[in-house]
Amino acid sequence: MLQRRLRCLRRCRRSQQHPDRKTREPVAATTTAKIIYRGYELGAAFTYVGLKANVLEFMPPLTLTEDEVTEGAAIVDQAIADVSAGKVSDADVASFMMW
């Protein structure tokens with residue numbers, strides 16, 4: 001079950017993080033920030049890192065259960081879908097953007 005969810009997230013990440021499959025341009029940091037913001041609204045806490053601030057970073061506790069993994073993966077899936085659908089504005093994330 002966990003392996004299947006991780007594969008799904010990898011597919012989502014690949015499709016979301018590289019919208020232009022030919023140039024492999026990463027998404028803007030604002031888009032990543034929107035995913036973090038929406039995930040927080042939905043009940044998950046994760047952050048973004050990387051030179052272009054386009055990498056999602058998860059820091060689960062060592063006591064994480066499979067049910068919690070499933071719930072967390074669903075939240076990340078929903079956050080990515082909501083941002084892709086335009087449900088999070090630039091104004092929503094402007095206050096915590098660090099640049």
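I'll start with a lysine. K34 comes out as buried, because its relative accessibility is 15% and the cut-off for buried is under 20%. Keep in mind that this is a predicted model.

What does K34 pair with? It forms a salt bridge with D90, and the closest N and O atoms are 2.8 Å apart. D90 belongs to helix α4, residues 90–94, while K34 belongs to helix α2, so this pair ties together parts that are 56 residues apart in sequence.

Next, R38. One of its partners is E41, with the closest N and O atoms 3.0 Å apart. Both residues sit in helix α2, three residues apart, which is about one turn of the helix. E41 is partly exposed, with a relative accessible area of 43%.

R38 also forms a salt bridge with D82, and here the closest N and O atoms are 2.6 Å apart. R38 is in helix α2 and D82 is in helix α3, so this pair ties together parts that are 44 residues apart in sequence. Is D82 buried or exposed? It counts as buried, because its relative accessibility is 3%. Through shared partners, the salt bridges join R38, E41, D82 and K87 into one network.

Now to helix α3 itself. It has 19 residues and spans 27 Å from its first C-alpha to its last, close to the 27 Å expected at 1.5 Å a residue. Its buried residues are V69, A73, I75, V76, D77, A79, I80, D82 and V83. Just after α3 comes G86, with a positive phi of about 80°.

Which residues form the negative surface patch? They are E66, D67, E68 and E71. To take one of them, E68 is in α3, residues 66–84, and is partly exposed at 38% relative accessibility.

Last, the loops. A53 lies in the loop between β1, residues 47–49, and β2, residues 55–57. Its phi is positive, about 55°, although A53 is not a glycine. In general, most residues other than glycine have a negative phi. A53 is also buried, with a relative accessible area of 9%.

The other loop residue is A28, between α1, residues 2–17, and α2, residues 29–42. A28 is partly exposed, at 45% relative accessibility. Where does the chain come back towards A28? One place to look is K52: the C-alpha atoms of A28 and K52 are separated by 7.7 Å, and the two residues are 24 apart along the chain.

To recap the pairs: K34 with D90 links α2 and α4, R38 with D82 links α2 and α3, and R38 with E41 stays within α2. That's what I have.

How values were computed
Residues numbered from 1 in each chain as written. Predicted model: local features only at pLDDT ≥ 70, side-chain atom pairs only at ≥ 80, totals over all residues. Heavy atoms only, no water. Patch = residues over 30% accessible without salt bridge, like charges linked within 9 Å, V, L, I, M, F, W, Y side chains within 5 Å. Areas by Shrake-Rupley, 256 points an atom, 1.4 Å probe, with all protein chains shown as cover. Salt bridge = Lys/Arg side-chain N within 4 Å of Asp/Glu carboxyl O. Lys, Arg positive; Asp, Glu negative; His and termini not counted. Charge placed at Lys NZ, Arg CZ, Asp CG, Glu CD. Helix = DSSP H or I, 4+ residues; strand = E, 2+ residues; numbered from the N terminus. Buried < 20%, exposed > 50% of the residue type's maximum accessible area, 1.4 Å probe, protein only. Expected span 1.5 Å × (residues − 1).
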